[in-house]
Each structure stands twice: as C-alpha cells, then as structure tokens.
Amino acid sequence: MKHTHKFLGGLMILAIVGVMFALPSDMTAPAGVTGRSATGSAVTSQEVPGLEQWVSEPVAPTLTQAVRDLPAFEVKPQLDREINPRLSTNDNLDPDFRVKSGIDPLLAIQEAAPEASADGFDTPIFNFDGEGYQFLNPPDTNGDVGANHYIQMINATVVSIYNKNTGALIQRFDLTTLGGCTTGSGDPVVLYDQLADRWFLSEFGPGSSLCVLISQTADPQGAYYSYQFNTPSFPDYPKYGVWPDAYYATANESSPSALALDRVKMLAGQPATAQRFTAPSLSGFPFQALTPADLDGLVPPPAGAPGIIMRHRDTEVHGPAGHPGEDFLEMWAFHVDWATPANSTFTQLPDIAVAEFSSDLCGLSSFSCIPQPGTSTELDPLREVIMFRLAYRNFGDHQALVGNFVTDVNGNDLAGVRWFELTSPPATSWSLYQEGTYSPDSTNRWMGAIAMDGSGNIALGYNVSDATSVYPGIRYVGRLVSDPLGTMPQGEYTLVDGTASNGSNRYGDYSDMVIDPIDDCTFWFTGEYNTSSQWSTRIGAFRFDACGSTDFAMDVVPDSLQICAPADATYAVNTVPVGGFTGDVSLAAIGNPGSAAFSPNPVTPPGSSALVISGAGAGTYSFDVVGTSVITPSLVHTETVGLDVVGAAPAAPVLTSPANGAINIGLMPTFMWNAAAGASSYSIEVATDAAFTNVVASASGLAGTSWVSNVTLNTTTTYFWRVWAENACGTGAYSATWSFTTQAGPGDCAPGSTPNILFSDDFESGASGWTTPGGIGANTWALGAGVSGTPHSGSFVYHADDVNTVSEQFLVSPAVALPTGQNPVTLKFWNYQEIEDGGASCYDGGLLEVSTNGGGSWTQVPDGDLLTDPYDGPIDSGFSNPRAGDLAWCGDPQPWLNSIVDVSAYAGQTVQFRWVMATDSSVSHPGWDVDDVLVQSCVVPTAVTLSSVDASATQSPMPLAGLPLGAVAAAGMAGAALAAGYVSRRRNR
C-alpha cells in the first residue's frame, strides 16, 4: 500500500532530518558517518591504536559586541526537531548483540551505609526553573558558577545569566546574536575559568568546527573573543575542561579525539592553535567519546602536569577477554608543547581496574531504554561515556578525580549510577580510592553529574524515572569525606519531581554539577525534568554544613573603574561568611591615589561597604583593598582593583576596515578601527545613507576595537559606517564616515552594473498573457488568494491544486526576449509549496521548464541553474505520476521562498517559462502558489569618467584600489571583465 510506504518513509525521513538539524547548513558529513544504528558483528579485542596527531593553523579571534547590548531575547517557535543526534562513527556492531550481567557487586556496600547525618545538605539554598522548551530535543542542560554569576546554557543556543546571590535572572540571550562563529547548532558548554576569572562558552561552529568564546573580562555581560577551530571531521558531542596550559576538549569523531586549545593565547585575545590526538576506537559502541578532566578550586595541578582524558571499558563488550570479574577505567596523559608541537604527547596510562559493571542497557546502541509512566516512549540511557564533568581537585598532599556513568545494576535494564574517586599523590600514578553504585530501589537513575567540594565531600545529581509512577525528575545524594568508602549515605533528596512523561526518547544529553569558587563548598546542579511532554530545566544549589574552615570571602565590584576628574570613584566591597565565620572585617586601601574612605568600616559579613576614592589626578592606577578579620587577624584577604582617571572626552577613532569604498564585502562584516586616546568604550552605526537616517545595525559599549555586524546585511548594497568613543567625561567626536558595498547575491547585478527589468508581473492585473493549456487531467492553475491564504504581495497568486488523481498541469508565461551581453540574466519568482513529498523523493511535484520556440517544445530547467532553491528530489515512479524520475520541488510545507534561476544560457532568444504541477494516483495536498515573477538582466556602463566620482565622499586619502568600482573602470579596467567574472557563481547543490 502506498500509505504504508509513505508512513515508513516518513519515519526514515524523521531520522535523516534529525541528523541534518544537527549539522550546520554548510557542513558535509564526513565519510563513513551514518546514523547511530550500525551493522556488523561485535568483536572482543581492542582496536589498533590510532594515535594520529593534527595541528591547526593559528586561529585569529573576532571580538564580539557586549552581551549587555544584545536585543531582548525572543523565543522563535518552529517545528519540533532533534538538535544534535549523537553520530555513529563506527560500524562494528551487531545491534542485536547483548552482553547481560547479574547484580551489581557494589550495591551491597551502599545498602550497608549508615543513616544520613543531620546537615543542611537536605535543604536547597536555591531551587528554581531554568530555561524551558525551545522546540527541540534534547536540551543538553549545563551551567557553571563564578564569583558573582551562575550561567546556564541549553541547546538552540540559549544562555541565561543569573545573580548567584539572589537567583534573579539578569539576562538571557540567543548565542547566535553575539556574532563571531556562533551558529545555534547545538551541544553547548559553559565553564568558569577560576584561575583567570573568565567565562568560556562553546557550541558547534560552522561546518566541522568548534566555536569557543572567551570573555574579555570577568563580566559575562561584556564582549567575548570568538575562536573557530576547524577539525578534521565533525566534532560530535564535544566536552571541555579547564587546565593551566590548555582548554582540553574531547569529541566523537571518526575515532575518539582529544584536543588542546591554547588557553594562554585565548585569554589574551591572540591567535591561537589547537592540537589533536585520537584514541583507539572501542568495539561494541557505534557512538563513543572520551571525557576531559576539569579543574575545581584555586590550587592548580602540579607544575607541568599533563591534561587528563578518560573513558570506561566494559570488558565483556569491548574486550580484552579474560577479565570476568573486573572492568577498567582508561586514562591518557595529554602533554602539549605549544612551541614545538612535535614534542606533544598523548600517552595511555595503566588501566585502573574497577568492579564489574554493565554497559548493556537495552543493548549497546539503543536510544530507548528508560521507561516512563503511561507511554511506550523510553529514554536514552547515555551508556557510552563518563558523564560531564570529570572533576579534578588538588588538595596539596594528593590529587583527586571524581566521575560517574550509568550501568545496568540487575541484568534486566535497570539503570543505576556508578561513581568513582581516583587519587594520586604528587608526581605518582593514579589509583582507585573508592567506587560505588547508587540504585536503592527499582527506579531508574541515570544522567548523573558529580563534583567534590574543598573539604572532600561529594554530591551526585541525576535523573529518575520508572514505568509506573515516577515521571522524569531530578534528585541528588551525597557523602561526607568521613563516610564509609564506597557509600553515598547523605540523601536521597528531591530537587524537583516530574509530573509528565517526555514526548521524545532523546533525553539529556548531559547535566552539570559545579562548585562555587568563592566558598568552595556550595554545589550547583542543573538538569532536565518534565511537567509536560515538553521538557523543562531546573537549577539548584546546596551544601554540606561540614564543609570548609571558618573564614570569610571578599569581592570588590567593579574590579576596574573609570571616572572623570575631579569626580570620586566608588566601589562596593562585598563580604560573605564561610564555614560559620562570625565577627567583623576591617577594611583598608593600600597604594590608592588620592584619599580612601570606607562606609561602614569594619563591615559584618554578610555585608557590603562603600569605598570612595577622592582627589585622584588623571592617570591609570591599581591598588589593593585589604580585609582583615577583627577577631582572627590571621584571616586576611586582598583584592587588587583598577582606577582610570580621565580629564576629557576621548578623541575620534580612525577607521581601518572595511576600507573606504571597498566592494564585495561579506554580509556580516568585521568592522575595525584604531584605539582612541582616553576611550573606555566605543559605539558604531551602520546605515544605508551618509546622513544615518536609516541605521540598520549598531552597538554600544564595545570594549575592543573591532565588532562583527549583529545583522545580516543585504547583498549588492552600499552602506555607510562610523564609530565614536566614550569615557567617563562624555562622548567623543564621530570618526570619518566610510562606505562599502556588499557582495552580490544569487541573481544580483554586480557592483557597477544596474538591473534591466525585462518582465515583471505580480498578478494584480489579471492573467495578462499567462495561459493554462491542457495536459493530463484537470488543470487547476488559477488566480486567487492561494493555499497560503496570504499572497507574497497584493491579493492574487497563481495556484495549482495537488490533487489525488494523475495529472500534469501547466502554467505558461508570456514570451520574454532575453538580451545578449547583459549577464547574468535571471528569472525570479516567489513560491509557497504544500506538495506531497516522499522523503528523499517526491510523490507529487512541481518543476520549471523553458521553451525557445514559442511552446513547440519544452526543456526542464536543470538543477544546476537553480541558484537559491534546488529541486527536492526525483518524482517517485511507483504511483503513475506522469513525470516520474524528473527532479521536482515538493516542500511539505515550504513557506514563501524567492526562487532565483540563472537563464543566461538563453541570452539572445525569446523564451517562455512553464510551471508544471505533476501528481500521482492518490493522496492530495493543498498545492503550489506562484507570485511576483521577475526577469532581469544586468547592464554595465560603457564609459565612466573620473569626473563622475564624488571626491567629497572620500574622507581620507586612499589608493586607487580603494576607489568605487566606476572609478576603477575609468582608470582602464574593462567592465566586461567584471561581468565575466560574475558568471563564476556559487551553486547550492
């Protein structure tokens, strides 16, 4: 039955479309990458190592605009989709291969754990909803906490900045609006780099690349350095860790990969490189990725310590044979040498034996395993990876790593969380200190995230669900450093209960547990849960009373300030008690210019004092704010702050790029200018006129001397731009006004040529020479409002029904004479499609033909001449469609789209165009609308004199290469050469 074929085909297309949504629009999947399901047979021996090294070219960053200047966030409704399916990069698995185990050997240890201690750990400090459903699955929920903020990121890509002291939302924004290499393509990660007091944001970049943004300052609402690191193949499921010498990353590529990004260069906003090694693939998993260690606490690893990369190995699944009672954690030491990359090494360390665990959760490749009440939809177990984050901490006398992954605890697909702690004395090897499995009942627990506080206590958060009464929700559990090894006796506590089942099987793909860097005690967790079939996210914070020694924390805001002399400078000195601290803190300023006064002084934590600096002369200064416990004078904290005193508004900036009069500029250009003396920030405007009455793009508060346009400019359009600087004394003068012309788009006339309209019809005056000759079946082409109900313009379109009988329906244009020597010649028409598609093919379809002999014969316009809207696929041959096998359009639906067709091949001839609707023997759809048909050529002036160039428009001396195109032509360059060059155009397919 055709309906059965279409239903099965639809399921296949949903899977394919899910993968396509994961990939940026300009990315081609690497050879050998398929859907997650794989074929082949399972093997039990380890694959041959593939330790290939790859070093990137230096990547120069762009400086984005400030987050605080972004437009207000708007949710953009769209079709529900899978944003980032985890790709299958190995084809060595039989999907029916099962390796079942028995009862997890560590459950008995947890069952014997003591009762929970009386502790505030059971009461969250914060517990509130994060971002909600964004028309995609899964959310990939993660977050991190800094000195003053908590940031959550989810797919699509939405960034939410919270005040960590109140839980109040400060700002949320779509990462793509920030500019740089952002794409919104998924797999976001946010990290707080505590050693540098900076923020790290990342998502997929264009093509096969990682887009990484580093905050220019400690303020997450400021500007970011945007780096696009291209990778040899698509870097699926990237995860990151902060380390002193690099930001280490891992990804699921053709082999599991580990990358190092030059952290020192990136923090300085300098060109940076990446180095990459691969690990041997595991048999048994079609999807697999490593996990990097991420630093917690202010004590860095021992000097020169390599980055740490890990994964788990279930020997029954991956081999080697001969280990029936144990499995392994595998570790690599990534030593990176930035000066001499050939000296970098990626060394596998000795395996660490752990208690037997089972990676077989509903098989080794199924996305569906965790049951939910009231539905057959089961959730993704994420069996393949050590979950984000692998948390590292240096206690001085030893180092520690804590991590977790999911395991089948009873051999019947009951998911529990296996967690572990590894330790290493300085300069010695790693060993297993403790491990445990948390699964106290028949409820599934998975999607874990774990961290350790500064006292060695551990918290573990995770999702829960079962088939009868527990909807997807979030719980957490913990252990004190004094608790028996291998146990989590402090809990279990509910962060939020679910009240509905998730509509998609994709869940996660990760959550996040982090530690507050100020008190080194407060855990922050974020994850996914459900109040409806569409997911929600939650953010919670909690801590052990037993954490930390008695102390206080101090933070001065802002850390740098500019004033206009003779004004005063005012800072807020905030203090917070840690570990039961009581008493006052005495404040002092050392090395400050002018005079300093605190109010109040001393201050009682939690509390704030205002620091006022008076009488400072013009100059740039740094000085220390010192806080001392009145009761315990040995408790002292110092913070260095900056002060810039200016005496006048800044000078005008000097523009540098794009050059004045430049042509062929991209549609999201990077604007650059020289620093202006005394400037603290810059503003920019881009307009379509030199008077700036129509400003189309702008930004203010820019910290650097470059900015990427926050809007996509129009093609073949001349724009004007200017920059000015601000400081505490006011706003400086405008720069000179420069202009540039953007690159030509498909069908546009090149700069220096003008459109010649050969034919135009918006159908508002009736048929006007259009005909609808007979074909096969009834011809339904007719003027009306169309299936969309809203014509592209005016009140009328030509519309054809997609009927449920065999038909071939024609709409024929009037004759149009196409000139020679005026290339490109293009046909443009707007169209709306709701035509029955068949997935990779079309059951019914629309296509375009051309005739050069008055309709005596017709030739289909080839796909290569469709500049903006290629055909969707061939028409299916199984149901009597008269155009079976021909390429056709079958958007189902495709909203109004401007189709641009290159018809230069017919120059010098008189042509007619024919739109064809071809249908098969069953199933109707609303049909096809066509509106606003235009045929144009491009005329290049035959003579231009230099006197025609407006010299007054050039506001600074410039070479001939910077002149407008007309002046270049007048200097002896033939316009015909430009026109010929335009014929080499980018194809969409």
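This is a brief walk through some local features of the structure above. Keep in mind that the model is predicted.

Asp144 is buried, yet it has no salt bridge. Which side chain of opposite charge is nearest? That is Arg389, 5.8 Å away. What does the side chain of Asp144 have beside it? One of its polar atoms lies 2.8 Å from the backbone nitrogen of Tyr192. Leaving out residues up to four places away in sequence, Asp144 also touches others, among them His149, Trp199 and Val514.

Next, the backbone. Most residues other than glycine have a negative phi, and most peptide bonds are trans. Here are some exceptions.

Tyr237 is not a glycine, yet its phi is positive, about 55°. Tyr237 is found in strand β14, residues 236-243. Met447 is another case, with a positive phi of about 60°. Met447 is found in strand β27, residues 444-452. Buried or exposed? Tyr237 has 2% relative accessibility, so it counts as buried. Met447, at 3%, counts as buried too.

Now the cis peptide bonds. One runs from Ala565 to Pro566, with omega near 10°. Pro566 is in the loop between β35 and β36. Another runs from Asp892 to Pro893, with omega near 0°. Pro893 lies in the loop between β60 and β61.

On to the rings. How many aromatic pairs are there? The count comes to 54. Take Tyr237 again, paired with Phe287. Their ring centres are 5.3 Å apart and their planes are at 90°, so this pair is edge-to-face. The pair links distant parts of the chain, 50 residues apart: Tyr237 in strand β14, Phe287 in the loop between β17 and β18. Phe287 is buried, at 0% relative accessible area.

Phe277 and Phe346 make a stacked pair, with 5.7 Å between centres and 10° between planes. This pair also links distant parts of the chain: strand β17 holds Phe277, strand β21 holds Phe346, and 69 residues separate them. Both are buried.

There is also an aromatic cluster. Its members include Phe759, Trp770, Tyr798, Tyr871 and Trp928.

Last, charges over rings. Lys239 lies over the face of Tyr510, 3.8 Å from the ring centre. The charged end of Arg722 sits over the ring of Phe692, 3.9 Å from its centre.

Methods:
Residues numbered from 1 in each chain as written. Predicted model: local features only at pLDDT ≥ 70, side-chain atom pairs only at ≥ 80, totals over all residues. Heavy atoms only, no water. Buried < 20%, exposed > 50% of the residue type's maximum accessible area, 1.4 Å probe, protein only. Lys, Arg positive; Asp, Glu negative; His and termini not counted. Salt bridge = Lys/Arg side-chain N within 4 Å of Asp/Glu carboxyl O. Polar contact = N/O pair within 3.5 Å; in protein donor to acceptor, adjacent residues only side chain to side chain. Contact = heavy atoms within 4.5 Å. Helix = DSSP H or I, 4+ residues; strand = E, 2+ residues; numbered from the N terminus. Phe/Tyr/Trp six-rings, centres within 6.5 Å; stacked < 30°, edge-to-face > 60°. Lys NZ or Arg CZ within 6 Å of the ring centre and 35° of its normal.
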